[in-house]
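Please examine the sequence and the structure shown below before reading on. The report that follows treats salt bridges, strands, the nonpolar core and the surface in turn.

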Amino acid sequence: MVLTREDVAAIETVEHYIHDEDQCYLMLYGEGVFDTIPIEADYTVGDMKMWIKYHKNIDPSTYDLVGPKGKWKMGAGSEVLPDETVISDVMGDRFENKWLMQLSLFPKKKNPDTGEMESTFETIEEWVPPPPEEAYVTTEEDEPDDKD
């Protein structure tokens, strides 16, 4: 089901980092948007762009919405999601378990030659965090000078 303008107008923001056993929530973040809204299983990326246009007056041609590459998993890459993408499909377990989900707004830039708006986001294939012993390394330069 594609949301109507009236449907989008009725979706109100909620507290950030909310959790509810009965309702799924999505955080929209970036480029002047930092909002959390309730979503349903059939909401699409296009619906979220309509919400952003209605509530934030940001033209969808000026940004991309970025989410999990393929289906969400820890360390999954990220990619620009097409408008027809069903959010619950790419969020998988996050949606099923009613965990807070996020889509990020990335600005587009105007190509000076063609005048077309172009994506600034580069697809990330997979992210693997460093082992804990390498995650935070200090050097003498990073340590405060206690000689004063």
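## Salt bridges

Asp83 and Lys49 form a salt bridge in which the closest N and O atoms are 2.8 Å apart. This pair links distant parts of the chain, with Asp83 in the loop between strand E4 (76-80) and H3 and Lys49 in helix H2, 34 residues apart. The term salt bridge denotes a side-chain nitrogen of Lys or Arg within 4 Å of a carboxyl oxygen of Asp or Glu. Helices (H or I, at least four residues) and strands (E, at least two) are DSSP runs, numbered from the N terminus.

The model is a predicted one, in which local features need pLDDT of at least 70 and side-chain atom pairs count only at pLDDT 80 or more, while totals for chains, interfaces and linings use all residues. Residues are numbered from 1 along each chain as its sequence is written, and side-chain values use heavy atoms, with hydrogens and water left out.

How many salt bridges does the structure hold? There are 5. Three of them are listed here.

| Pair | N to O distance |
|---|---|
| Asp83 and Lys49 | 2.8 Å |
| Lys108 and Asp64 | 3.7 Å |
| Lys69 and Glu125 | 3.9 Å |

The side chains of Lys108 and Asp64 meet in one of these salt bridges. Here too distant parts of the chain are linked, since Lys108 lies in strand E5 and Asp64 in strand E3, 44 residues apart. Lys69 has its salt bridge with Glu125. Lys69 is in the loop between E3 and E4, whereas Glu125 is in strand E7 (residues 124-126), and the two are 56 residues apart. Salt bridges with shared partners join Lys69, Glu79 and Glu125 into one network.

The partners can also be described by their exposure. A residue is buried under 20% relative accessible area, exposed over 50%, and partly exposed in between (1.4 Å probe, protein chains only). Lys49 counts as buried because its relative accessibility is 10%, and Asp83 is partly exposed, with a relative accessible area of 37%. In the second pair, Asp64 is buried at 6%, while Lys108 counts as partly exposed at 24%. In the third, Lys69 is partly exposed at 27% and Glu125 is exposed at 57%.

## Strands and the hairpin

E1 and E2 pair in the antiparallel sense over 7 bridges; two strands are said to pair if DSSP finds at least two bridges between them. Cys24 has Ile39 of E2 as its bridge partner. The two strands, E1 and E2, form a hairpin with 2 residues between them. Glu31 is partly exposed, as its relative accessible area is 48%.

E1 also runs parallel to E5, to which 4 bridges join it. In E5, Met101 is the bridge partner of Leu26. E1 is mostly covered, with 6 of its 7 residues buried. Another residue with a positive phi, of about 60°, is Lys98, which is not a glycine either. Lys98 is found in the loop between helix H4 (93-96) and E5.

## The nonpolar core

In soluble globular proteins, nonpolar side chains tend to be buried together. A nonpolar core is a set of buried Ala, Val, Leu, Ile, Met, Phe, Trp, Tyr and Cys residues joined through side-chain atoms within 4.5 Å. Which residues of the largest nonpolar core touch the most other members? Of its 25 residues, they are Leu26, Leu28, Ile39, Met48, Ile52, Ile87 and Leu103. At least two residues of this core come from each of E1, strand E2 (33-39), helix H2 (45-56), strand E3 (63-68), helix H3 (87-91) and strand E5 (101-110). H2 gives the most, with 4 residues.

## A nonpolar surface patch

Tyr17, Tyr29 and Phe34 form a nonpolar patch on the surface, with about 360 Å² of accessible area together. Patches are made of residues with over 30% relative accessible area and no salt bridge, like charges being joined within 9 Å and nonpolar side chains (Val, Leu, Ile, Met, Phe, Trp, Tyr) within 5 Å. Accessible areas come from the Shrake-Rupley method with a 1.4 Å probe, and for residues only the protein chains shown count as cover. Tyr17 is placed in the loop between helix H1 (5-10) and strand E1 (24-30). Tyr17 is exposed because its relative accessible area is 62%.
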